[in-house]
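Here is a short briefing to read alongside the model. Keep the viewer open and follow the points in any order you like.

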Amino acid sequence: QVQLVESGGGLVQPGGSLRLSCAASGSISSIYVMGWYRQAPGKQRELVATLTRGGSTNYADSVEGRFTASRDNALNTVYLQMNSLKAEDTAVYYCNAYHPYYRDSRNYWGQGTQVTVSS
């Protein structure tokens, strides 16, 4: 089992910045792909960013150039630096980790952290 704990959400004004963190514990290794997803009210959960252990990243078009994802394999922690935040970034942000060869059986989610962008 893998446990994921997010932190860093909150209320921020448009144009502001926030940094999310996700600490993983349990039976996780650096091979796991880690990433961030979000779900706004009334919408489906969507990809924000994913990172492989080698540092390759994949971003949603809506956050490209504004958000930066990074990971510290030694600490089993992944981060999401969010800049130039917009009202449409308001959502619950979820950390995710999955094994690339066993995604069906080794796919884990955090409890989520609320990000609200409002003046």
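Is Asn 76 buried, exposed or partly exposed? Asn 76 is partly exposed, because its relative accessible area is 22%, where buried means under 20%, exposed over 50%, and partly exposed in between (1.4 Å probe, protein chains only). Please bear in mind that this is a predicted model, in which local features need pLDDT of at least 70 and side-chain atom pairs count only at pLDDT 80 or more, while totals for chains, interfaces and linings use all residues. Residues are numbered from 1 along each chain as its sequence is written, and side-chain values use heavy atoms, with hydrogens and water left out.

**Overall fold**

- The protein chain has eleven strands and zero helices; both are DSSP runs numbered from the N terminus, with helices (H or I) of at least four residues and strands (E) of at least two.
- Followed along the sequence, the pattern of the protein chain reads β-β-β-β-β-β-β-β-β-β-β.
- The C-alpha trace of the protein chain spans about 40 × 25 × 25 Å along its principal axes.
- The radius of gyration of the protein chain is 14 Å, which agrees with the value near 14 Å that a compact globule of 119 residues would have; the radius is taken over C-alpha atoms, and the globule rule is 2.2 Å times the number of residues to the power 0.38.
- Among contacts with a separation of 6 or more in the protein chain, 54% come from residues 24 or more positions apart, a contact being heavy atoms within 4.5 Å.

**Surface and charge**

- Of the 119 residues of the protein chain, 43% count as buried.
- The protein chain carries 10 positive and 8 negative charges, whose mean positions are 4 Å apart.
- In that count, Lys and Arg are positive and Asp and Glu negative, while His and the chain ends are not counted; each charge is placed at NZ of Lys, CZ of Arg, CG of Asp or CD of Glu.

**A salt-bridge network**

- Side chains of opposite charge can pair when their charged atoms come close.
- The structure holds three salt bridges, each defined as a side-chain nitrogen of Lys or Arg within 4 Å of a carboxyl oxygen of Asp or Glu.
- Arg 38 pairs with Glu 46 in a salt bridge whose closest N and O atoms are 2.7 Å apart.
- Glu 46 is partly exposed because its relative accessible area is 35%, whereas Arg 38 counts as buried at 5% relative accessibility.
- Arg 38 also meets Asp 89 in a salt bridge, at 2.9 Å from N to O.
- This second pair links distant parts of the chain, 51 residues apart: Arg 38 sits in strand 4 (residues 33-39), and Asp 89 in the loop between strand 8 (77-82) and strand 9 (91-98).
- Asp 89 forms a salt bridge with Arg 66 as well, at 2.8 Å from N to O.
- Here too distant parts of the chain are linked, with Arg 66 lying in the loop between strand 6 and strand 7 (67-72), 23 residues from Asp 89.
- Both Arg 66 and Asp 89 are buried.
- Through shared partners, the salt bridges join Arg 38, Glu 46, Arg 66 and Asp 89 into one network.

**Positive phi in loops**

- Asn 76 lies in the loop between strand 7 and strand 8, and its phi is near 55°, a positive value in a residue other than glycine.
- Ser 84 is placed in the loop between strand 8 and strand 9; its phi is positive too, at about 50°, although Ser 84 is not a glycine.
- Ser 84 counts as partly exposed because its relative accessibility is 40%.

- Asn 58 belongs to strand 6 (residues 57-59) and counts as partly exposed at 39% relative accessibility.
- Leaving aside neighbours within four places in sequence, Asn 58 is in contact with Leu 47, Val 48, Ala 49 and Thr 50.
- Asn 58 and Ser 25 are 33 residues apart along the chain, and their C-alpha atoms are separated by 23 Å.
- Ser 119 falls in the segment after strand 11 (113-117) and counts as exposed at 85% relative accessibility.
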